[in-house]
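Please keep the 3D view open while you read.

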Amino acid sequence: MRAVVVRHPGPKAVVEIIEVPTPEPGPGAVRVKVAAATVNPVDLMVRNGVGGTPFAAPRDQWGIGWDVAGVIDAVGAGAGADFAVGQAVIGISDRLDVALAAQSDYVVLEAQNVAPAPTSVPATAAATIPLNGLTALQALAALELTAADSLLITGAAGAVGGFAVELAAAQGIRVIASASAADEPTVRSLGATDFIPRGANLPDAVRALVPGGVTAALDAAALGPETLAAVRARGRFVSISVPATPIPLRGTEVTTVLVHADRPQLDELVALVDKGHLTLRVAETYPLAAVTAAHQRLASGGLRGRLVLIP
């Protein structure tokens, strides 16, 4: 089978497609024939040298790709009665320290990383759910908000931010969204109550809307201290980027959420998609053979939606 890998992460990184034996699922795992796999900023992070960070031990070959939609074609012992050959699923490869990952013809995933796919959307759209949907859901869970709370979401037009706006608004939470001015119609359509264009003085603009500051913030744009300054004293703040996690000033509860696989949460996201309550956005599709072009497009910025590889 074909698999996308990164060699020599850093300035001399090489992204290539290699031929490897098709992996077999071990105990508690399933093998998915990939129909669609997304390209995400974390893939660029690996390419640019994640091996030099505390996230994972250095290695010669890095498999890339976190999100996948496809069909189960082999089931390992003990994977559970929920899964069968021929079943359409979505899944997440949530480990960095692997030689092969989701950008491939086949991927082996632990059963807890997989859920039945939505029936209302094609695989190209379904593949955009796991990484960013789980990140948004887990970030909101960490904030423990109620309908009485106000929430600032930065990067609200992005993949995580857009999901978070929609999920929070569905809970009746007042969402103050920040994104590029051109994205205001999209962000409001997702449920944002208030909008602040990027470039405004964020703390002052938030306090003009919510005297004293918001109850909580989800900093999807990784602005760090600027976002924290918009939160009221003893409020709550969630970062999804370790470098952008600020010092917890003014008694603020600061948490960093790094995504992890969660089958019940995947099921929840799928149910929301099938009910029409969660918007999936595909920006462009590429054949697997054009993975380098997809990475270049992601690095150029300005995307509203995910890039999807089709083997």
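What volume does the second largest cavity have? It comes to about 50 Å³.

1. First, some background: this is a predicted model, where local features need pLDDT of at least 70, side-chain atom pairs count only at pLDDT 80 or more, and totals for chains, interfaces and linings use all residues. Residues are numbered from 1 along each chain as its sequence is written, and side-chain values use heavy atoms, leaving out hydrogens and water.

2. On a 1 Å grid over the protein atoms alone, a cavity is a set of points where a 1.4 Å probe fits but cannot get out, while a pocket is an open set with protein on both sides within 12 Å along at least five of seven lines; lining residues have an atom within 4 Å of a point. Points are joined across faces, edges and corners, and a volume is the space filled by probe spheres set on them.

3. There are two cavities of 30 Å³ or more. Helices here are DSSP runs of H or I, at least four residues, and strands are runs of E, at least two, numbered from the N terminus.

4. The largest cavity holds about 80 Å³. Among its lining residues are Asn132, Phe163 and Arg281, and helix 4 (residues 159–170) provides the largest share, three residues.

5. Now look at the largest pocket, about 1,300 Å³. Of its 50 lining residues, the closest to the centre are Pro41, Asn132, Val160, Ala220 and Ile240.
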